[in-house]
Amino acid sequence: MLLLGCIKEVSDYELAISLPNGLSGFVPVTQISDAYNKMLSKEVAQGEILEGLYSLSDMYSPGTLVRCIVTSVEKSADGRRSIKLSIDPKKVNKGLNAPALASGMLLSGFVSSVEDHGYLVDIGVSGTHAFLPRQKAQSYIRAAKIGPDLKIGQNLNCAIVEVKNQGRIVQLSVDRSEVASSIATEQQNWTLSNLLPGLVVKARVQKVAPFGIKLSFLSSFTGVVDFMHMDPEKSTNYSPDQVVKACILAVHPTSKVVRLTLRPAFLHPGKSPNQLSYGRMGAVVEESTVKNFYKQFGAVFELDDGALAFARLKHLSKTRKSFKPGAFKAGSKHKCRIIDYSLMDEMCIVSLKHRIIEARFLHYQDIHTGDVVQGKVFALKPIGMQVKVTDGIKGLVPSIHLADVILKQPEKKYCIGDEVKCRVLECNPEGKRLILTLKKSLVQSKLPVLSTYEDARPGLITHGFVVCAREFGCIVKFYNDVKGLVPKNELSSEPIPCPDKVFQEGQVVKVMVLKCEPQQERLLLSFRLSSTSAPEDKNKCSPKKKEEVKYQIGEMFDVKVLKKKIDGLEVSILEDEGNVAAFIPTVHLSDSVAACKLLWHCLQEGDVLPRVMYLSDKRGHVILSRKSAVICAVQGEQVVRSFSEMQPGMLLTGYVRNVMPFGVFVEFPFGVTGLAPKVSMSDKFVTDTKDHFVVGQTVIAKVTSIDEEKQRVLLNLKVSECSSGDSAAESFALLNQYFTEMKEIRNFLRSRENPSVARSLCELVPGKELQLVVQDVKEDGSALFSDNCLTGLTVTATHYHLGDKNVVPGEKIKALVLHVDALTSKVYVSLREELLKQRAKQVRVKFLGSCVF
């Protein structure tokens with residue numbers, strides 16, 4: 001069967017192809033072309049890299065349309081069907097012969113040789129020599145940005161320019177304008193035996209049915225357009241005898257059924273189908289609207305952004321028995337999750353199954369290094385254990401990682417089908433490579449995950465595993481293949497003459513980072529945790545000795561700024577005659593993350609800050625906080641002073657200490673910490689934890705469970721679970737505190753910044769209406785504005801916030817202030833009519849939560 005497909009992914013050994021109707025197939029590297037196969041065989045025989053042999057990723061890119069033929073349909077071990085394809089022109093164009101070739105024909109070919117004046121192209125027709133002149137390829141090469149020359153094995157969409165000697169010699173063109181304007185005609189004498197997918201034809205509508213349209217084309221041919229391939233903007237306006245432009249999608253060799261598409265992206269050869277933005281993959285759509293239901297196929301939905309999506313019957317309910325067709329009437333709304341995107345159908349593939357909507361992982365991109373995952377053992381091999389995390393995600397546990405010790409007979413410990421808890425050592429979504437560990441010490445470790453050399457800081461303590469022990473010391477590896485050296489003198493406080501007899505390969509160890517050189521990818525480590533102190537602590541000492549500093553958590557002081565540092569302010573406590581130095585981290589200047597940055601920017605040496613709370617004393621260094629919510633919690637005794645006071649159901653005020661891929665660590669006054677797992681972080685589905693929380697952010701957490709043996713606390717940060725009951729009063733108090741801090745910042749700005757700029761910044765508030773002059777309209781659709789009263793400020797509106805207005809430079813316009821960024825002196829405005837009307841009705845509250853002022 002011949003099909004038109006679109007390259008979805010490119011790996012070293014195969015091309016993943018998107019096929020019509022949500023199907024997928026794979027083209028092995030051996031099914032590209034004869035010329036490419038010969039070069040591969042030559043490289044294997046020589047045992048060295050062959051000059052001129054390029055990888056698949058050098059020649060192919062996602063979004064490219066290709067003609068392919070089904071070579072086999074195989075059933076995998078897990079019951080899934082795998083479609084094997086070939087794009088070899090000898091197979092795709094096997095229905096063509098030399099006499100049948102005619103000028104204007106559009107067909108596939110592959111570069112087989114690079115010559116002085118052009119390229120020999122293999123079009124798969126026996127007895128025909130096809131030549132592509134260099135001048136006919138130059139515009140294509142420049143547009144494709146593939147280097148100075150076409151590459152052997154590269155796929156080309158060619159138009160026949162000239163035919164000589166009854167088809168034995170043909171001249172080709174890959175010029176995009178010539179290819180895009182190519183339309184198959186009756187004069188080219190196409191037959192059912194050589195009709196090719198990808199051809200664009202003029203067709204006439206014969207019949208319009210609920211599931212599609214029947215067309216006639218090229219005089220004697222008929223074909224079908226199914227409901228997924230009608231033009232979405234014209235799907236209800238087709239009528240018999242109407243003439244349309246269509247593209248052939250598939251040709252079945254035995255039934256002779258021809259399928260076509262009316263979607264605009266396929267009606268101009270050489271154009272690529274629309275793609276889904278990366279951020280939408282895996283997204284949960286709370287309300288999707290049923291547009292059409294087809295009882296034999298599935299349902300078409302309209303998502304919240306207006307895009308169309310398709311759900312197969314098996315994805316509309318948990319089981320066949322629980323499926324209720326009446327629930328999918330046009331206009332009904334359902335919750336679904338985007339699980340895939342069909343490039344050939346330009347449509348999202350969604351599922352309404354609850355287990356898929358709630359699933360933590362759907363694709364390799366959802367998994368991050370350091371994540372703890374559950375899986376099932378489905379194969380035991382000499383190299384290790386294969387684990388099935390989900391239907392589409394599989395990982396490998398190398399034999400060295402099957403346990404804390406090396407297992408000689410792993411089959412005695414593990415059986416096929418066993419549930420196992422693993423930790424991700426390495427994840428490469430592009431190559432679909434997932435490496436896991438079952439070492440209990442790593443899986444249960446609460447220490448930071450070291451996955452890049454940039455993450456390593458002197459003093460960091462973490463877990464790793466030994467990969468080599470020699471007379472010079474030990475090589476320790478961490479996540480993502482990060483590794484470092486523990487020299488012999490850092491192995492222990494006592495001399496170890498033979499490290500290889502003390503440390504074994506695969507042994508889990510706790511190490512401290514002594515030195516890191518990220519650019520050289522070098523780490524110097526130590527096993528001597530107690531005797532080594534972090535270099536940063538040497539210079540951070542108070543004028544008074546640690547034992548002389550006797551403050552209680554919750555005490556309030558007035559402080560004076562001594563010095564500004566990147567991560568905070570060094571201050572002196574005035575109540576102690578200024579003799580005690582302390583530190584206010586930037587994130588502790590306010591409960592508001594935005595206000596923290598502004599306060600740090602505005603404050604200068606010598607400024608006095610009133611009512612700052614003593615928070616902790618870390619290694620003799622006094623840490624203070626200005627977080628109003630934390631101060632209120634301590635003064636109101638709504639805190640726990642030790643782990644033993646923790647009780648499930650408690651609501652506690654704290655601040656984010658660390659954001660990890662698997663969850664958020666929250667610290668409370670008096671040093672107690674807890675973990676909010678990814679599933680308990682938000683009422684919305686969490687794909688990336690860093691999109692929801694930042695270090696230092698003030699939070700209210702609910703205690704869900706306590707493990708006294710492991711001294712571990714689990715938390716819930718969902719807003720729906722963490723309200724004390726009077727949510728309106730809580731919100732008002734936070735908002736009131738925010739405005740108080742904004743007033744303080746305005747006072748600082750008036751005294752510090754350029755007077756005219758400061759005055760403009762202080763006067764501008766979200767919801768204020770301005771009269772502006774259009775200064776410039778950029779290529780991305782955004783616009784810049786000017787005003788005599790806003791000197792020194794950059795005023796801009798995004799393309800979305802221009803609404804339906806086509807503004808031109810010099811035009812006077814009415815706009816509404818959305819957001820004021822004092823750090824960059826930028827003002828964001830909107831011209832949208834609905835917002836301007838809301839301003840007239842005094843509805844401005846929705847903007848105030850996200851603005852800087």
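This is a predicted model: local features need pLDDT of at least 70, side-chain atom pairs count only at pLDDT 80 or more; totals for chains, interfaces and linings use all residues.
The mean pLDDT of the protein is 84, and 91% of its residues reach 70 or more. Confidence falls below 50 over residues 531–548, a stretch that has 22 contacts beyond its near neighbours in sequence. The pLDDT is also below 50 over residues 843–853, where 33 such contacts occur in the model.

Five strands close into a barrel in the order β16-β17-β18-β20-β19, with mixed pairing. On average, neighbouring strands of this sheet are turned by 50 degrees against each other, direction ignored. Strands β19 (residues 333–342) and β20 (residues 347–351) run antiparallel and are joined by five bridges. Within β20, I349 is the bridge partner of D340.

The structure holds eight aromatic pairs, two of which are listed below.

| Pair | Centre-to-centre distance | Angle between planes | Type |
|---|---|---|---|
| F227 and F297 | 5.8 Å | 50 degrees | tilted |
| F227 and F310 | 5.9 Å | 50 degrees | tilted |

F227 lies in the loop between β13 and β14, whereas F310 belongs to strand β18, so their pair ties together parts that are 83 residues apart in sequence. F297, in the loop between β16 and β17, is 70 residues from F227. F227 is buried because its relative accessible area of 12% is under the 20% cut-off. F310 is likewise buried, while F297 is partly exposed at 38%.

The charged end of R337 sits over the ring of F685, 3.9 Å from its centre. R832 lies over the face of Y800, at 4.1 Å from the ring centre.

Notes: Residues are numbered from 1 along each chain as its sequence is written. Side-chain values use heavy atoms; hydrogens and water are left out. pLDDT is the predictor's confidence in each residue, from 0 to 100. Contact means heavy atoms within 4.5 Å. Two strands pair if DSSP finds at least two bridges between them. Helices (H or I, at least four residues) and strands (E, at least two) are DSSP runs, numbered from the N terminus. Axes are lines fitted to C-alpha atoms, for helices over the stretch in contact, and angles run from 0 to 180 degrees between N-to-C directions. Rings of Phe, Tyr and Trp (its six-membered ring) pair if their centres lie within 6.5 Å; planes under 30 degrees apart count as stacked, over 60 as edge-to-face and the rest as tilted. Buried means under 20% relative accessible area, exposed over 50%, partly exposed in between (1.4 Å probe, protein chains only). A charge sits over a ring if NZ of Lys or CZ of Arg is within 6 Å of the ring centre and within 35 degrees of the ring normal.
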